[in-house]
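Let's read a two-chain model together, one feature at a time. Bring your questions.

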Amino acid sequence: MGSFWQIKIYRNKFIAYTVFVVAIGLVLGLMTCAVLIYQWIEGARNEAVSAFGRVESELQYDTDRIEAYMQRIYSNDRLMTDVRYFLGNTAEGYLTSRLEYSLYNEPLVSFPEDMRAFLYSSMKGDLTQVSLHTENGANLVRFSNSGNVSFRFGVPNTDEIFREKLEKGFVYRKKLSDPNQISRQIGEFRFLIGSEPLFRKILGYKLDIAAAVSGTGEVYMITGMDHGTQEMILRAAEETRNSGFSSLGGLKNVFFMNFHSTKFDYRLIMLVDLSHLMREKAGILATIVGSVLLAMISVLMLISYNMRDDARFLKHIINSIKRVKTADFTPNSPARYRRNEYGMIARELDDMVHELDKHIRTEYLLKLKQQETEMKALQHQINPHFLYNTLESIRSTALLHKDVDTADAIATLGSLYRDIVHKDNIITIGEELELLQKFLSIMELKYPGRFYYQIDVEDPLLAISTVKFWMQPLAENFFVHGFNPSSEFNLLVVNGWEEEERFVLEFVDNGKSIPEARLEEVRRCLYSREDAPVRSIGLRNVYTRLSFFYGDAFRMEIENNEEAGVKITVIISKG
Amino acid sequence: MYKLLIVDDEPQILEGMKRTLNWEEYGFHLIETCETREDAIAKSVEIIPDIAIFDVRIGPDLGYEIIQKLNELRLPTQYIIMSGYSEFEYAQAAIRCGVKDYLLKPVDRSKLQTVIEKIIVEDLNGDLDGIHKQDLNIDPILGIPYEELSKLTNRILLMVKAEYAQNITLKSVAERFRMNSTYLGQLFLKETRMKFSEYLMAYRMLQAKEQILTTNEKISSIAHSVGYPNLNYFYTQFQGYFGMSPSDLRKKS
């Protein structure tokens, strides 16, 4: 799973995908939730609208009934008469008057009874109290829940019972005029439509919190007493909008609806408590969140599965390159390549490595082995023990003839030959200088009294590693091109010193100088990396080998000395 | 006095080894040679050598096997092996039987010398006093044996000694070497720790002193003969070098 994680492009890609998928998931989830909440609120609003409609229609119906009953009073003389007896009378007065003016051939009409029979019953219990007022006081008829009638006579207008309170209900006033003289007002009816029976009718609606608020700020809680407070309703009442979301001044997040009644001075306020709503629908919300999460995880899994597959191939390619860089050409092809560009690259790379390997084997290793075999054959032809023993014999013979110089030269030659054959290809500059010194001391014997050499190299240079056998070719160059056999003073000096940034080795002779044109040619051949044939193969070979070994740290300069001879400078940068 | 045994199956090499070092000078007065294993064991037991040099192969036998055998006899001998082989196994076997050193053929004189001197000092509790002294040729000015100086410096010193009476300078020497004179002067200074001109002056003074003490030549002609055409200059230099005038020196003697 994590294999693609180690590859940067896939890691970045995966992070980008993850961010994208999570963002999409969040947006989708939130949008779904928002739509659902909107729908729930819309449902609640519909419910509220119909509840409000119901209240309004009930009120309308009730007032219609009252109006109709008033018509009945005016149209029925006897009823009117009874009403007038009732108006402003005491209980005894009323009863006495009724009886006094009753006619035997007519049934006794009773205003309260009539009202109960026609108005109360048609208003389905909404009517809780009817009072008939004069200027000073009133007589009132009360209906209990079960429809029983009770009376009170001579109650002053200022009595508590006539205070208009939302708690009690809505008061509908009707003037009572003299039927004979309409303009004369003789009293006033006050019909009380009870809040309790009125609002009970909307309890069947699904309302979270509902309350009626009067114009004076009285609150009548209809539902939601359990978790709501009057405070919330009052805050909502302060809202100027008809509906919307509000935090109710920090109390609670709600959706509120404000309905203004056209009949009476009150408002119906309904609230949807959002947290309550969330709690109610927690199951649905959890399902949505869960399914969005599930979708996100499966998309990410799919992506990482795809990437792992790609990464495996990329890794294969990287590994192949790494192996080839360490000169490991063993084939490492997977059982199957993918049928896409990755597979193509992987297969081509493996093919390339294979071809390269084949090439190296045939062109290079084979030839090397051949040379090695030839070398071995040569070495076996001349048994080294035989060679060195013979040299020792010759040395002894020289000593017998008291020729110490020859004896020493033979010892040096033997040791030089041994070093050349047996030393590793990579040695220190100190060892390389020893080889040179052996060679030069033999040359000294070859040209007695005509050749001098001096080696003066600082200690720090001696420990630097180098390739074997590059100083002798430089010295040989001098003996081939620069040496003057007729001069007594052929001189070769090797200087070496450490500078701050580099090590310098200088090979100075006093032989023939190189003509300027030829020097240019030598330099050109040396620095151009082509394999152009150069006359001084030795110099070219030394330059190539040291370049390979030291890389860019190495520089070689060749120039004529002012007096005579040539100076070859080898510079090895530090670090 | 030390005793030396050399074992090799080639008589020529035995003779050569006897002459490779001036053994006498190191205190070896008895040098025996053998060519076979039996002979080597018999000789060893007979003379009990201080140092024995074995070839790694004595006919069909191996040198270090003979050494092993001699080790069992508990001889107080220090062994050196010489060999044409530089193979690791031989060297390892040799080291295992307590050989002091493993010299490769053809034998390098200076290496053998180092080993022998080391054995004399460390194992035989001898000293090297009096060695090199008699035949050593020391430069009178530098106090260094000529052998320890490079051939180039020797050559320059030789030129001074041959030509000090003439007008020799560092420049003329360098011209003959076709070298930059500063460069050559530095080479000379580095090895002798003395400037060429200082050396030349000192050598001339030495020669002048010699002549003043041993002849009755006139100072002016002596000055001329050691390369000072200007007599006043000679006097100044002489006074500076010896702290007295040439005539004072002659009077003193």
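What follows is a tutorial dialogue on sheets, a hairpin, a helix pair and the contact between the chains.

Q: Before we start, what kind of model is this, predicted or experimental?
A: This is a predicted model. Let's begin with the sheet in chain B.

Q: In what order do the strands of the open sheet of chain B lie, and how do they pair?
A: Here is the general idea on strands: side chains of a regular strand alternate between the two faces of the sheet. In chain B, five strands make up an open sheet in the order S2-S1-S3-S6-S7, and the pairing is parallel. The edges are held by strand S2 (28-34) and strand S7 (101-104) of chain B; each has a single partner strand, so one side of each has no neighbour in the sheet. From one strand to the next, the twist averages 20 degrees.

Q: How many bridges join S1 to S2 in chain B?
A: Six bridges link strand S1 (residues 2-7) of chain B with S2(B), and the two run parallel. For one pair to look at, take Val7(B), whose bridge partner in S2(B) is Cys34(B).

Q: Which helices pack on this sheet?
A: Helix H4 (residues 63-72) of chain B packs there, touching strand S3 (51-55) and strand S6 (78-83) of chain B, and its direction makes about 145 degrees with that of S3(B). Helix H6 (residues 109-122) of chain B also packs on the sheet, where it touches S3, S6 and S7 of chain B. The direction of H6(B) makes about 165 degrees with that of S7(B).

Q: Turning to chain A, is strand S9 mostly covered or mostly open?
A: Strand S9 (residues 254-260) of chain A is mostly covered, with five of its seven residues buried. Four bridges connect strand S8 (residues 243-246) of chain A to S9(A), the two running antiparallel. In that pairing, Phe245(A) stands opposite Phe255(A).

Q: What joins S9(A) to S10(A)?
A: A hairpin does, through five residues. Seven bridges pair S9(A) with strand S10 (residues 266-273) of chain A, again antiparallel. Here Phe259(A) faces Leu268(A) as its opposite in S10(A).

Q: What is the pairing in the five-stranded open sheet of chain A?
A: The pairing is mixed, and the order is S12-S14-S15-S17-S16 (chain A). Strand S12 (451-457) and strand S16 (554-560) of chain A are at the edges with a single partner strand each, so one side of each is left without a neighbour in the sheet. The twist averages 10 degrees from one strand to the next. S12(A) and strand S14 (residues 490-498) of chain A run parallel, joined by seven bridges.

Q: How do H1(A) and H4(A) lie relative to each other?
A: The axes of helix H1 (residues 8-75) and helix H4 (residues 111-122) of chain A come within 9 Å and cross at roughly 160 degrees. They are therefore roughly antiparallel to each other. The crossing is right-handed. Arg65(A), Ile66(A), Tyr69(A) and Arg72(A) in H1(A) meet Phe118(A), Leu119(A) and Ser122(A) in H4(A).

Q: Finally, how many residues does each chain bring to the contact?
A: In general, an interface's size is often given as the accessible area lost when the parts come together. Here we can look at residues: chain A gives 32 and chain B gives 27. On the side of chain A that touches chain B, H10(A) gives the most, with twelve residues. By class, that side has twelve nonpolar, twelve polar and eight charged residues.

Conventions:
Residues numbered from 1 in each chain as written. Chains lettered and ligands numbered in written order. Predicted model: local features only at pLDDT ≥ 70, side-chain atom pairs only at ≥ 80, totals over all residues. Pairing = 2+ DSSP bridges. Axes fitted to C-alpha atoms, helices over the stretch in contact; angles between N-to-C directions. Contact = placed C-beta atoms within 7 Å. Buried ≥ 20, exposed ≤ 12 C-beta atoms within 10 Å, placed from the backbone. Nonpolar A, V, L, I, M, F, W, Y, C, P; charged D, E, K, R; others polar. Parallel < 35°, antiparallel > 145°, perpendicular 65-115°, else oblique. Left-handed = near helix turned anticlockwise from the far one by under 90°.
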